[in-house]
Amino acid sequence: MAEKTIQNLEEVTIRFAGDSGDGMQLTGTQFTNTTAILGNDLSTLPDYPAEIRAPAGTLFGVSGFQIHFGSTEINTPGDQCDVLVAMNAAALKVNLGSLIDGGTIIANSDGFNDKNLKLAGYASNPLTDGSLQKYHLHSVDITKLTGLAIQDMNLSSKLVDRSKNFFALGMMYWMYNRPMESTIDWIEKKFGNKPEIKEANLRVLKAGWNFSETTEIFAVRYEVGPAKLAPGKYRNITGNQALAWGLIAAAKKAKLDLFLGSYPITPASDILHELSVYKHFGVKTFQAEDEIAGVTSALGASFGGALGVTTTSGPGVALKTEAIGLAVMVELPLIIVNVQRGGPSTGLPTKTEQADLLQSLYGRNGEAPVPIIAAATPADCFETAFEASRIALKYMTPIFCLSDGYLGNGSEPWLIPDYNALPEIAPKFRTEKEGFFPYSRDEHTLSRPWAIPGTPGLEHRIGGLEKQHITGNVNYEPLNHEFMIKMRAEKVERIANEIPLAKVEGDSQGDLLVVGWGGTYGSIKSAVAHHRQKGNSVSHLHLRWLNPMPKNVGEILYKFKHILVPELNLGQLVKVLRAKYLVPAVGLNKIQGLPFKSIEIEKKIEEILRGTK
Amino acid sequence: MSVLVDEVMKLSPPPSDQKASSKDFQSDQDVRWCPGCGDYSILAQTQRVMPDLGIPRHRMVFVSGIGCSSRFPYYMNTYGFHSIHGRATAIASGLKMARPELSMWVVTGDGDGLSIGGNHMIHLLRRNLDINVLLFNNQIYGLTKGQYSPTSEKGKITKSTPFGSIDYPFNPAALALGSSATFVARTLDRDPKHMQAIIKRAAEHKGTSFVEVYQNCNVFNDGAFFQFTEKDTKDDTVVYLEHGKPLTFGKEKDKGIRLNGFSPEVVSLKDGKWSVNDLLVHNEKDTTLSFILADMTYKSGLPRPIGIFLAIDRPVYEQEMVRQIVFAQEKRGDGDMVKLLNSGDTWTVQ
Ligand SMILES: Cc1ncc(C[n+]2csc(CCOP(=O)(O)OP(=O)(O)O)c2C)c(N)n1
Ligand code: SF4
Ligand SMILES: [Mg+2]
């Protein structure tokens, strides 16, 4: 056995890429879980095509999973990767651009036959024509080695082919010195009743490891030590899972049943899947016939005293629009989760974007104010969903809880919160008959009483026609209408009385403030941190609340010479900030279905700073 | 049921030794339909039947969409939700899943329930939640002032079809049966006794009850059903479906319906060729028969079937939902959030 050197690294980015049928998401997820358990900080970016099994070997069928992990703080899935695992020619072609110069390529040579090369548009084989000289290229016939490892099992070539991702995973586990136990456990559980497949996958995984250990192909192994995370108990979590748990936690705190009305749509479906599991929490999930039935059933449930939730992505919100207006009118709590994706129309179903902010703010007929809260990181989806529920219940209002494809599918280590220390949520059903009026209001929150069917003596009717102040009777009087419009707006504005003031990361005044919202948090944070290390006067403000905004946002903005608003849209928050605070904010906009690289933000910051000097 | 809802359900209503009256079900709102509208009768019959159901008012909810018919909840002194066009069935479904113990009623129109809300309607019917649907069929859009509807007859001249409608109409009963409904009935605004009986049966049925009510819109489609409701014609144009009874009609009950192969045909009981024993006997448990009967609806030469087409039992959706929850709770215990948060692969940083 050759002597292997071990090298210490602070951080690494690995990208697994292959056909959409090659199991790259699974490989990436397994590597991620193991890495999380080792105590690294990490951030992931699954990047997969809309087609479930696009034709094999094609460029558009390439599925990728990137993980950035380290012993330091990790905020983004990595601008570029250090290692690219390419299961075929198309995967190499699509992803080579994101590999750093001098990076490592591990290529499955079997995926570079004439057909693969042609499909990927290579005139000659890059593995042998010398075109990859600036990289460390390891060409390994993973398919063949996989077949050899399970030769005696007489499995179909299809099954052999399906196992080869575990060979690649075994290699990466060896290379980054990660234990295989967690994946072994997973395989044993997952394929418990399919003993052949279980055995094959286990053997192939170990074969990948052993191959790396014994052959001379890799001379170096890497060690990435645990990160200095705050003390406590951690788990790795995706945004969609965190969001689902946040909703369950909120319902539990509020002593209400959670009702989800939803229609499947990428990238939000996983929340429906996740919530469907927790029947023992009394969670009721309803896969409706369409998005309209999703939201209206949730609103019906909420009339009955449940925490009504509907989950979807942009096109689904478009369908729910009229019902959200109804929720504004009848003033019932309702959580609308939008895991945003690339639009318009069907757009880019599996890619991320933040282009639904204006839809959330204004996308309804009439003056129909709806509060909006947005998650900043995958794990933050928990707290965001929890807070959305708390506010919806307290103010008797529909609320948008915004996530996006990157947050929903991405994952990061999460310091498990102490459930008992979470804020109280204490909704009250009105039961006293004396002085009951459906549209009387709490003097602080302006919320109306929640009187659920089944309460003796409080029979009343609600609906979408304009309501008379206090009595709630149908009313068409001009002044009452104006009064009620203003009342509903004021109610939403009053939420600002209790949400935390916005906090600047960095100095509270200076040359440049970078303002973001939602899933761009990590990239902005990294970009700003780099500039601050260089001594530049740059700060970061990230808005969790977009409607209403914290009371001090104006004050903060006015203390900076320049304001930059990076967004994955054509400039939506920047429009709102300019209109609301009359500040000369400028946008940095990217609409490619991908998150920002922090370098992109860094460069823009530099450009603005240069202009000031 | 959640702890908070449970507390509400434990509240007892003010004691009363008297049975509720139909008056108790009238709200304080002025009824605003056009004078002479068939909706008045449906409201009156519903209010008349309610006390007999023995369900307290505060456990009843009327949900509607948009349309003249959908104003109905405002006039009922129960809980009510006048929602948006076409969505009453979906709202009621959510409420029923959240609160299976409530008595749920949906009031909708031919436009509300079969056009914009057609999709939700068929899905409600196949799922079979325990909800009673009253569909006021006036074969017109009343509230928007007289456009043709999905039940308007072909060739109908309305504001939006000055040259006659080219749409073929839905047959609501057949649509409901095709959606696997478990209770399908038809009644008439001008036959109060029949309507009361049907509403009662609908209320008693466990599962979705679909009741089509022929309703006269005297402003935009006056007389659409007069041949079935008025004295001089109705005996010859309507056949009442009664469980276990042969299908006879005519003033003297001298006509009947016989099956010729799968096709119903009218036979005379007078000329000695056919007797009552040859007639089709109604069986509301027979799904195949229900389709044949519903199909008589627009067939010329056949009387219009009125009554209960089908009344069968099938598991009720919200009960199935509760069953899964109870099963999960028995197997795994009540959900524990602290446990859930700490489940799976975790690690500790010192
Ligand atoms: C989204 C939407 N589209 C259109 C309308 C206008 N609209 C209100 S009621 C109605 C038709 C009602 O017809 P039907 O359900 O037969 O009720 P009827 O008035 O005849 O009882 C229409 C088109 C609306 N209120 N909302
Ligand atoms: S328009 Fe027709 S359906 Fe509407 S209230 Fe008047 S008569 Fe009744
Ligand atoms: Mg109508």
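User: How many residues does the contact take from chain A, and how many from chain B?
Analyst: The model is a predicted one. Two residues count as in contact if their C-beta atoms, placed from the backbone, lie within 7 Å. By that cut-off the contact takes 62 residues from chain A and 58 residues from chain B.

User: Which element gives the most to the side of chain A that touches chain B?
Analyst: Several elements of chain A give two or more residues to this side, including α1 (24-37), α8 (239-254), α10 (291-303) and α11 (314-330). By class, this side has 31 nonpolar, 19 polar and twelve charged residues. With nine residues, the element that gives the most is α10(A).

User: What stands opposite A:Tyr234 in β12(B)?
Analyst: Strand β12 of chain B, residues 346-349, pairs with β9(A). The pairing is antiparallel and runs over four bridges. Within it, the residue opposite A:Tyr234 is B:Trp347.

User: Which helix gives the most to the shell around ligand 1?
Analyst: Ligand 1 is surrounded by 17 residues, and B:Gly67, B:Gly109, B:Gly111, B:Asp112 and B:Gly142 are the closest. The shell divides into six nonpolar, nine polar and two charged residues. Three residues of the shell come from the element that gives the most, residues 110-116 of chain B, which is helix α4.

User: Which are the edge strands of the open sheet of six strands in chain A?
Analyst: The order of the sheet is β3-β4-β2-β5-β6-β7, with mixed pairing. From one strand to the next, the twist averages 15°. An edge strand here pairs on one side only, which holds for β3 (41-47) and β7 (136-140) of chain A.

User: What is the bridge partner of A:Ala17 in β5(A)?
Analyst: In chain A, strand β2 covers residues 11-19 and strand β5 covers residues 81-86. These two strands pair in the parallel sense over four bridges. The partner of A:Ala17 in β5(A) is A:Ala86.

User: What separates the C-alpha atoms of A:Gly366 and A:Gly325?
Analyst: Along the chain, A:Gly366 and A:Gly325 are 41 residues apart.

Definitions and conventions
Residues are numbered from 1 along each chain as its sequence is written. Chains are lettered from A and ligands numbered from 1 in the order in which they are written. This is a predicted model: local features need pLDDT of at least 70, side-chain atom pairs count only at pLDDT 80 or more; totals for chains, interfaces and linings use all residues. A residue is near a molecule or strand if its C-beta atom, placed from the backbone, lies within 6 Å of it. Ala, Val, Leu, Ile, Met, Phe, Trp, Tyr, Cys and Pro count as nonpolar, Asp, Glu, Lys and Arg as charged, and the others, Gly among them, as polar. Two strands pair if DSSP finds at least two bridges between them. Axes are lines fitted to C-alpha atoms, for helices over the stretch in contact, and angles run from 0 to 180 degrees between N-to-C directions.
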